[in-house]
Amino acid sequence: MTERRKRRAAGVVLQPMKRTGRQLVRTLITGKPNTVLYPYQKLDLPQVYRGKHVLDFNKCIGCGNCVTICPNDCMWLEKVEDPELGKVERPGVDIGRCLFCGFCAEVCPTVALHMTTDYELADNDRQRLRLGSADIRDDSFGATFMEERQKRLLPVLDLSKCTGCEKCAGECPEMCIAMMPIDRTGRKKPEINLAKCTSHGKCAEACPEDALTMVEVYESYFDMPEPRLVLEKCTGCGACARKCPSEAIYMLEMPGTEKTLKSGKKGKPKKRAVFVFEKCVGCGRCYQACKFDAIEMPGVKK
Amino acid sequence: MAEMWINMGPQHPMTHGLWNLRVKVDGETIVDAEPEVGYLHRGIEKLCEGRTYPQIIPIADRLCYGSSMTWSHAYCLTVEDLMGVEVPERAEYIRVMTIEMQRIASHLMWLAAYAGDLGLSVGFTYTMRDREVFVDLLQGLTGSRLTYNYPRIGGVAHDLPPDFGRDAIRATRYMEKRLKEYEDLFEGSKIFMMRNVDVGVLSKEDAINLGVTGPSLRASGVDYDLRKDMPYSVYPEMDFRVATHSDCDCYARYRVRMDEMWESCRIIRQAIEKMPKGRWRVVAPRNAPVGTGVGRVEDPRGEAVMYVVGDGTDRPYRLKIRSPIFVTVSAAPKILVGYKLADVVAIMGGLDMCIGENDR
């Protein structure tokens, strides 16, 4: 490797002076300083810079994935009354605790949460660092730049319209749709193997009831947990379906479970929850909503 | 003459961070030394046990403020070993490129601090100015200046921005010009050479026995670099030399780091030329299997090892971090004894202390 260089006495003194002198001359000629006058001039920040959060209220579905993934527990969901959206839940962020890792923006299933280039966030009052959802609201920010998340065209099922006619499974060129019977309901629903799907869209064209539609879905970078139903415990109350932010849970009737009333007539049949995994964002709200432990979700806090 | 103990630290210009070096002096000569660490203990290993696997990446970033990219890379390698995740080839090239940029930025920060310690203000300002070039590149890529949070389990967070390769090659060319300038500036300086040559000699045997790794070990004449000896990522496909020096003194440690910066510039250019197209990220499983994973990387400061035990849940059962500096600083008595008190600054500065990873 490089061994010590031999230098003469003149070189010892003159070399560093030559170097600093050249730098001085270069600075004098170009006149460009190496620093910026901070409050008046600012550095150009890249678009990916992670500063203050902004939230698009119309895109946000209130799933709370950002709250779950936050390493510092600095986000929370709060109930907001909006004149257009009604009663919704939207996240707020405490930037005094935030470490600006950007996981909340990365995990957002609808890309509603972004991070801006705004970095001047200091304040005298600690309470003012707790930004509620109204403080970070900016519905137009998402339109200002190109989103680089990978999108995918996927068939999404509306189970209330599906009749179980199996036409979609016959049309699929990749053979990735299988008609799976739903336990105790006597109905069938198409299960789509999302790993094989090539976004052909033939299943959606074939569907006579328009139950399958091709929707652009942002691909998740994280492996999200999926809910599993314990049918024996499910009472059919529908609490999970009301809580689900992406409307992925349908309550289906189970024929043959009608109770005979005193008058001799038969009552309404019991219901059960059915999950449509193409829509599921893995937030775990159904699991938290179920009072009868009928939904299992390993790895999610109750 | 009576011997006495002197506390250098925890608040002392010599200590970059919070640590204490107790030296026993006989007049001006050091007869004993004892490093005391632990002032910056944050309990990161315990903290990791309560967090899910992706949530630990920003924590691993904060192990060392000088080279956060290599630490999150080490963590991701460890968890990929545990989970058995195959990383796309493009992601491997991006990782190698970014950690080499991080190595240059880290060595430049060391050089700035070292020059400042030895009284060369010019050296401090020049190196910090040129470190900015690489920090700006990494900021444009990752979105943050110091704690990047860029590697992910199963790849990297996002793809390169357009024209990044052109900017990176331009930055390495600029850096090579500057490195020549530094060599003139430092090695041409009589004061710098007097304070470095034949100061802080750590013999080859002592370095091996004390477990010293990284540039300090290579400066003792041992050809040991994990990038060559136990290659990870795509380092086998890169053409580079391992910088070694046989002088064993502070000058050798300085020289090895300068040579490493030359080699890093070459690796960055090769990585950009060879980088394939394709995906940069795969989805890693949420839950790790029961088992263990080990990741070893060549940090700018030495050999960083992480060891993780998975118990089938989404949180690690145990995460052990082996810090290179924690071991290297234990060699302080061997290096310091016999030299003057004024040499302590040069000797301990030459080891490139980073307290964040040391105390964990």
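User: Happy to start with a strand pair: which residue is the bridge partner of Met306(B) in β8(B)?

Analyst: Good place to begin, and please keep in mind that this is a predicted model. Strand β7 of chain B covers residues 302-311 and is joined to β8(B) by six bridges, with the two strands running antiparallel. Val308(B) stands opposite Leu319(B) in this pairing. For Met306(B), the bridge partner in β8(B) is Ile321(B).

User: Which residue of the turn between β7(B) and β8(B) has a positive phi?

Analyst: These two strands form a hairpin, with four residues between them. The residue in that turn with a positive phi, about 90°, is Gly312(B).

User: And on the β6(B) side, how many bridges pair β6(B) with β7(B)?

Analyst: Here too there is a hairpin, joining β6(B) to β7(B) through two residues. Arg296(B) stands opposite Val305(B) in β7(B). The pairing is antiparallel, and the number of bridges is 10.

User: Which strands stand at the edges of the sheet?

Analyst: The open sheet has three strands in the order β6-β7-β8 of chain B, with antiparallel pairing. Each edge strand has a single partner, so one side of each is left without a neighbour in the sheet; the edge strands are β6 (290-299) and β8 (316-322) of chain B.

User: What angle does the direction of helix α3 of chain B make with that of β6(B)?

Analyst: The sheet's twist averages 10° from one strand to the next. Helix α3 (residues 68-83) of chain B packs on this sheet, where it touches β6 and β7 of chain B. Its direction and that of β6(B) make an angle of about 150°.

User: Are α4(B) and α11(B) roughly parallel or roughly antiparallel?

Analyst: The axes of α4 (residues 89-117) and α11 (residues 250-274), both of chain B, come within 9 Å and cross at roughly 155°. Angles over 145 degrees count as roughly antiparallel. The two helices, α4(B) and α11(B), are therefore roughly antiparallel.

User: How many nonpolar residues does the contact of α4(B) with α11(B) have?

Analyst: Residues making the contact include Val96(B), Ile104(B) and Trp110(B) of α4(B), and Met261(B), Ile268(B) and Ala271(B) of α11(B). Charged residues number five and polar ones two, while the nonpolar count is 11.

User: Turning to the other chain, what radius of gyration does chain A have?

Analyst: Chain A comes to seven helices and 13 strands, and its C-alpha atoms fill a box of roughly 115 × 50 × 40 Å along the principal axes. A compact globule of 302 residues would have a radius of gyration near 19 Å, but for chain A the value is 29 Å.

Definitions and conventions. Residues are numbered from 1 along each chain as its sequence is written. Chains are lettered from A and ligands numbered from 1 in the order in which they are written. This is a predicted model: local features need pLDDT of at least 70, side-chain atom pairs count only at pLDDT 80 or more; totals for chains, interfaces and linings use all residues. Axes are lines fitted to C-alpha atoms, for helices over the stretch in contact, and angles run from 0 to 180 degrees between N-to-C directions. Angles under 35 degrees count as roughly parallel, over 145 as roughly antiparallel, 65 to 115 as roughly perpendicular and the rest as oblique. Two residues are in contact if their C-beta atoms, placed from the backbone, lie within 7 Å. Ala, Val, Leu, Ile, Met, Phe, Trp, Tyr, Cys and Pro count as nonpolar, Asp, Glu, Lys and Arg as charged, and the others, Gly among them, as polar. Two strands pair if DSSP finds at least two bridges between them. The radius of gyration is taken over C-alpha atoms; the globule rule is 2.2 Å times the number of residues to the power 0.38.
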